[in-house]
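Okay, thanks for making time, everyone. Let me put the model up, and then I'll talk you through it piece by piece.

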Amino acid sequence: MSAGGAFGGNRGLRPVPPEKGVLPLDHLHECDLEKKEYLNCLKTSGHQSEVCRQFSKKYLQCRMEKNLMAKQDLSELGFGKPSGVEASVGNELS
C-alpha cells in the first residue's frame, strides 16, 4: 500500500507555487473593474492586445497594490518605453 494521498500525492509536503505564470485568484473581486475594462477592450478591438495595453497595465497595477501578485517594476512586465516595433504597431492602428 502506498503512503501517498488519494491521488498519489504526498500529504506531508506542501506544494510550492511557481515563481511566475500563476497568479492567486482574486476571491474578493478587488480588481474586477480593471479586469472587466481590459476584457471589454479586447472584445471591442477584435482581441488586439496592443490596443488595450493601458487596461492591462492598470489591471496589473491593481493586482500588485492588493498583494495579488508580487510587486515588480512594470518595465520588467513589458511596459517600458515603446521600442521601434511597438511604436510602429501603434501608428498602424491609429
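So, buried residues make up 20% of the 94 residues in the protein chain, where buried means under 20% relative accessible area, exposed means over 50%, and partly exposed is in between, with a 1.4 Å probe and protein chains only. Before you ask, this is a predicted model, so local features need pLDDT of at least 70 and side-chain atom pairs count only at pLDDT 80 or more, while totals for chains, interfaces and linings use all residues. On bookkeeping, residues are numbered from 1 along each chain as its sequence is written, and side-chain values use heavy atoms, with hydrogens and water left out.

What's in the fold? The protein chain has three helices and zero strands, and from the N terminus on the order is α-α-α. Those are DSSP runs numbered from the N terminus: H or I with at least four residues for helices, E with at least two for strands. Contacts next, meaning heavy atoms within 4.5 Å. Taking contacts between residues at least 6 apart in sequence, 47% join residues at least 24 apart.

Now the part I like, α1 and α2. The crossing of α1 past α2 is left-handed, as in the near helix being turned anticlockwise from the far one by less than a right angle.

Which residues make that contact? From α1 we get Glu-34, Lys-35, Glu-37, Tyr-38 and Cys-41, and from α2 we get Phe-55, Ser-56, Lys-58, Tyr-59 and Cys-62. Sorted by class, that contact has five nonpolar, one polar and four charged residues. For the classes, Ala, Val, Leu, Ile, Met, Phe, Trp, Tyr, Cys and Pro count as nonpolar, Asp, Glu, Lys and Arg as charged, and the others, Gly among them, as polar.

Let me zoom in on a couple of lysines. Lys-58 sits in α2 and is partly exposed, at 35% relative accessible area. Setting aside neighbours within four places in sequence, Lys-58 is in contact with Glu-34 and Glu-37. Its C-alpha is 6.5 Å from that of Glu-34, which is 24 residues away along the chain. Over in α1 there's Lys-35, also partly exposed, at 33%.

Which residues are buried in each helix? In α1, they're Asp-32, Glu-34, Cys-41 and Leu-42, and what covers them includes α2. In α2, the buried ones are Ser-56, Tyr-59, Leu-60, Cys-62, Arg-63 and Met-64, and they pack against α1.

A quick geometry check. α1 has 13 residues, and its end C-alpha atoms are 18 Å apart, which agrees with the 18 Å you'd get at 1.5 Å a residue. For α2, also with 13 residues, first C-alpha to last is 18 Å, close to the expected 18 Å. That expected span is 1.5 Å times one less than the number of residues.

Last stop, the loops and the backbone. After α1 comes Gly-46, with a positive phi near 70°. In the loop between α1 and α2 you'll find Val-51, which is partly exposed at 34%. Val-51 is 10 residues from Cys-41 in sequence and 7.9 Å from it, C-alpha to C-alpha.

Then, as a rule, most residues other than glycine have a negative phi. Where do we see positive ones without a glycine? His-29 has a phi of about 55° and is not a glycine; it's in the segment before α1. Asn-67 isn't a glycine either, and has a positive phi of about 60°. Asn-67 lies in the loop between α2 and α3, with α3 at 84-93, and counts as exposed at 60% relative accessibility.

That's my tour, over to you.
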